[in-house]
Amino acid sequence: MKKENLMKYVGSMQQVAYVRPITYTEGRSHGLSAYEIKNGCMELQVMADKALDVNQLSYKGININFLSKPGLQGRNQYDTNGDEAIRSIMGGLFFTSGIESICAPCTIDHVDYPMHGRMRTTPAEHLGADAYWEDGQYKLLVKGEMREAALFGENMVLRRSISTTYGSKTFTVTDEFENEGYRDEPLMLLYHINMGYPFLDENTRLYIPTAKVIARDKDGEGHEADYDKMDPPKDNEPEYVFIHDMQSDADGDTQVLVVNEPLGIGLRISYNMKYLPYFMEWKSTASGDYVIGLEPANSSVYGRPYHEERGTVHKLAPFAKEKNVLDFTILDGQAEIQEAIREFQKMQQGVLV
């Protein structure tokens with residue numbers, strides 16, 4: 001709808017769309033700074049103090065993301081203390097795993113690397129937020145910069161923006177990584193995208209353009225055939241992690257669909273595999289830890305030791321840059337869901353021949 005027509009219905013655009021700075025004031029989240037973005041029926045919260053990761057996504061009041069038992073929380077003294085990180089990994093819609101390491105904690109050359117790296121707890125600098133009309137569209141934007149650096153060590157920068165347009169059910173995460181040091185530096189990255197109840201239940205189905213699925217370990221062995229289905233919760237069930245041989249079109253573009261047809265909602269995640277050639281799936285049907293994680297990455301789930309042993313650690317040269325763009329699109333209703341599935345199947349038939 002054109003601005004001059006829309007403004008006949010609303011006195012302020014904040015009635016239907018806004019970017020609003022907020023600060024949480026209780027519990028583990030006390031003092032956490034964030035931005036709340038409302039775009040019509042889609043709402044998301046972006047944590048300024050934690051890498052501009054998105055902690056919450058809802059559509060028409062229906063929650064999409066997973067939130068772990070400790071709940072919403074800010075930065076803690078145990079965030080980067082080995083396995084203690086499980087007390088601060090709250091999930092959210094996604095968190096950024098990296099940059100010097102991903103996945104399990106490890107020690108390399110007498111340097112300790114925490115679980116899922118340090119970026120996910122790094123506060124943003126040079127923050128900016130805006131809501132404005134441009135070329136007939138009302139645009140919503142949050143942006144900032146995170147730095148992972150050490151004296152005599154790395155100096156890596158992540159510049160992130162999260163943007164959407166009023167009337168759209170898509171928001172876009174644009175990440176630019178730069179090595180501002182004077183030596184080649186590891187750039188290990190995994191986007192940990194987490195689906196939760198009520199969007200995630202036994203009716204939820206995954207559509208992943210995979211050519212092959214293998215289990216990470218013995219817990220997942222024998223469950224590979226059901227990677228795309230979600231069971232009802234089971235008490236004390238172990239987690240399953242699957243490694244997918246992800247496929248794309250000729251340009252490297254790929255997508256994953258998460259669909260709950262009885263609920264009438266789906267989510268499409270689209271990205272390019274140029275700098276994200278790996279894809280893992282984390283599936284937990286355990287009672288109280290009920291989640292599916294979708295993980296585009298530039299490194300294996302086995303983490304930095306795996307790549308160190310093989311001499312395949314992904315590195316960024318001094319002052320070199322890499323860019324990733326991820327689109328998150330809500331699918332509303334059976335017509336949109338079925339059209340998205342048809343498009344997915346068409347793409348899959350084209351790349352898996």
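Q: How many aromatic pairs does the structure hold?
A: Keep in mind that this is a predicted model. A pair of aromatic rings is described by the distance of the centres and the angle of the planes. Going through the structure, the count of aromatic pairs comes to 8.

Q: Is the aromatic pair of F94 and F328 stacked or edge-to-face?
A: The ring centres of F94 and F328 are 5.9 Å apart, and the angle between their planes is 10°. Planes under 30 degrees apart count as stacked, while those over 60 count as edge-to-face. So with 10° between the planes, and by that cut-off, the pair is stacked.

Q: How many residues apart are F94 and F328?
A: F94 belongs to strand β8 (residues 94–99), and F328 to strand β25 (residues 321–332). This pair links distant parts of the chain. The separation is 234 residues.

Q: Is F94 buried or exposed, and what about F328?
A: Under 20% relative accessible area means buried. F94 has a value of 1%, and F328 has 2%. Because both values fall below the cut-off, F94 is buried and F328 is also buried.

Q: Which residues have the most contacts inside the largest nonpolar core?
A: In soluble globular proteins, nonpolar side chains tend to be buried together. Here the largest nonpolar core has 65 residues. F94, F171 and F328 form one aromatic cluster. The residues with the most contacts inside the core are F171 and F328.

Q: How many residues are in the second, separate core?
A: Its members include C103, M188, L190 and V241. This second core is separate, and its number of residues is 12.

Q: Which ring does the charged end of R20 sit over?
A: Look for the charged end of R20 and the ring centre that is 3.7 Å from it. That ring belongs to Y18.

Q: Which side chain makes a polar contact with the side chain of Q247?
A: Q247 is in the loop between β19 (240–246) and β20 (253–260). Q247 is buried, with a relative accessible area of 18%. The polar contact of its side chain is at 3.3 Å, and the partner is the side chain of D245.

Q: What is the relative accessibility of V46?
A: V46 is in strand β3 (residues 42–47). Beyond four places in sequence, V46 is in contact with residues including A34, Y35, L52 and I162. V46 counts as buried, and its relative accessibility is 0%.

Q: Is N236 buried or exposed?
A: N236 lies in the loop between β18 (210–215) and β19. Its phi is near 60°, a positive value in a residue other than glycine. Over 50% relative accessible area means exposed. With 76% relative accessibility, N236 is therefore exposed.

Key. Residues are numbered from 1 along each chain as its sequence is written. This is a predicted model: local features need pLDDT of at least 70, side-chain atom pairs count only at pLDDT 80 or more; totals for chains, interfaces and linings use all residues. Side-chain values use heavy atoms; hydrogens and water are left out. Rings of Phe, Tyr and Trp (its six-membered ring) pair if their centres lie within 6.5 Å; planes under 30 degrees apart count as stacked, over 60 as edge-to-face and the rest as tilted. Helices (H or I, at least four residues) and strands (E, at least two) are DSSP runs, numbered from the N terminus. Buried means under 20% relative accessible area, exposed over 50%, partly exposed in between (1.4 Å probe, protein chains only). A charge sits over a ring if NZ of Lys or CZ of Arg is within 6 Å of the ring centre and within 35 degrees of the ring normal. A nonpolar core is a set of buried Ala, Val, Leu, Ile, Met, Phe, Trp, Tyr and Cys residues joined through side-chain atoms within 4.5 Å. A polar contact is a pair of N or O atoms within 3.5 Å; within protein, one must be able to donate a hydrogen and the other to accept it, and residues adjacent in sequence count only if both atoms are side-chain atoms. Contact means heavy atoms within 4.5 Å.
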